[in-house]
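Take a look at the model below. This report goes through a few of its helices and residues, one at a time.

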Amino acid sequence: MRIEQDQDHETKRDRVRRLLLGPLEGIGFRFPKAVEPEEGRKRLDRLADELAYMSDANLRRLFEAMRSKGEGRARDFWPSHAAFVALAQVAQPRPLEEMPGLASWFGSAAGRAALAEGRLVEEYRWWLSKHRPPLNPQERRIIADRAGAAQSKVARLRERLGLRLPVDATDREWLHAYEAHQDAAKELVRRGQAQGEAA
């Protein structure tokens, strides 16, 4: 299966093919015979779409990292999707806003509930560290506890600032980061609501 490259009208997918997938195919990467050509094309398209956020330089770095990761006895089968994504995260972490599922999750009833119940920032931070929503009661309890503590700290710091009382530089930075995360998460909720209303 040949990965075509047309640089005249290069899409994001084409760019990943040119800088990463094409060169890997050029050194002999292939799918096992059991994988139909159309299925192989779909897998590589999905991978290219997922890695399209990466810069040219980091796609080249990923090529260097992946060239020795072939699977199978001859080490010439395409590495797993998960192997590509894991090394891509090392080379260039994916922006949270571009993560699959994030926008739809925050734009759903779950995001609106997190906003209404004061958990929005901590759920956003959970996504930052875990790249997924909380999945069980224990994780939701951790987030609720963190949210309660954070809201108390925010209220205390804002009160001190409002009264023009001294606030430690570390606490000011913490509040600034909290507010930035709050703004980003609220924007995701707002976008989700707007899309829902337009549908």
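Which residues does Asp45 touch, not counting residues up to four places away in sequence? They are Arg13 and Arg17. Keep in mind that this is a predicted model.

## Asp45 and its helix

Asp45 sits in helix H2, which covers residues 37-51. Is Asp45 buried or exposed? Its relative accessible area is 13%. Buried means under 20%, so Asp45 is buried.

## How H2 meets H4

H2 has a partner in helix H4, residues 81-91. The two axes come within 11 Å. They cross at roughly 15°. Angles under 35 degrees count as roughly parallel, so H2 and H4 are roughly parallel to each other. Their crossing is right-handed.

Which residues make this meeting? H2 brings Arg46, Leu47, Glu50 and Leu51. H4 brings His81, Phe84, Val85 and Ala88. Sorted by class, the contact of H2 with H4 has 5 nonpolar residues, 1 polar and 2 charged.

## How H7 meets H8

Now turn to another pair. Helix H7 spans residues 120-130, and helix H8 spans residues 137-162. Their axes are 8 Å apart. The packing angle is about 125°. That angle makes H7 oblique to H8. The crossing of H7 past H8 is right-handed.

On the H7 side, the contact is made by Glu122, Glu123 and Trp126. On the H8 side, the residues are Glu139, Ile142, Ile143, Arg146, Ala147 and Ala150. How many residues of each class take part in the contact of H7 with H8? There are 5 nonpolar and 4 charged residues, and no polar ones.

## Arg190 in H9

The last stop is Arg190. This residue lies in helix H9, residues 169-198.

What joins the side chains of Arg190 and Glu187? A polar contact of 2.6 Å does.

Notes
Residues are numbered from 1 along each chain as its sequence is written. This is a predicted model: local features need pLDDT of at least 70, side-chain atom pairs count only at pLDDT 80 or more; totals for chains, interfaces and linings use all residues. Side-chain values use heavy atoms; hydrogens and water are left out. Axes are lines fitted to C-alpha atoms, for helices over the stretch in contact, and angles run from 0 to 180 degrees between N-to-C directions. Helices (H or I, at least four residues) and strands (E, at least two) are DSSP runs, numbered from the N terminus. Angles under 35 degrees count as roughly parallel, over 145 as roughly antiparallel, 65 to 115 as roughly perpendicular and the rest as oblique. A crossing is left-handed if the near helix is turned anticlockwise from the far one by less than a right angle, and right-handed if clockwise. Contact means heavy atoms within 4.5 Å. Ala, Val, Leu, Ile, Met, Phe, Trp, Tyr, Cys and Pro count as nonpolar, Asp, Glu, Lys and Arg as charged, and the others, Gly among them, as polar. A polar contact is a pair of N or O atoms within 3.5 Å; within protein, one must be able to donate a hydrogen and the other to accept it, and residues adjacent in sequence count only if both atoms are side-chain atoms. Buried means under 20% relative accessible area, exposed over 50%, partly exposed in between (1.4 Å probe, protein chains only).
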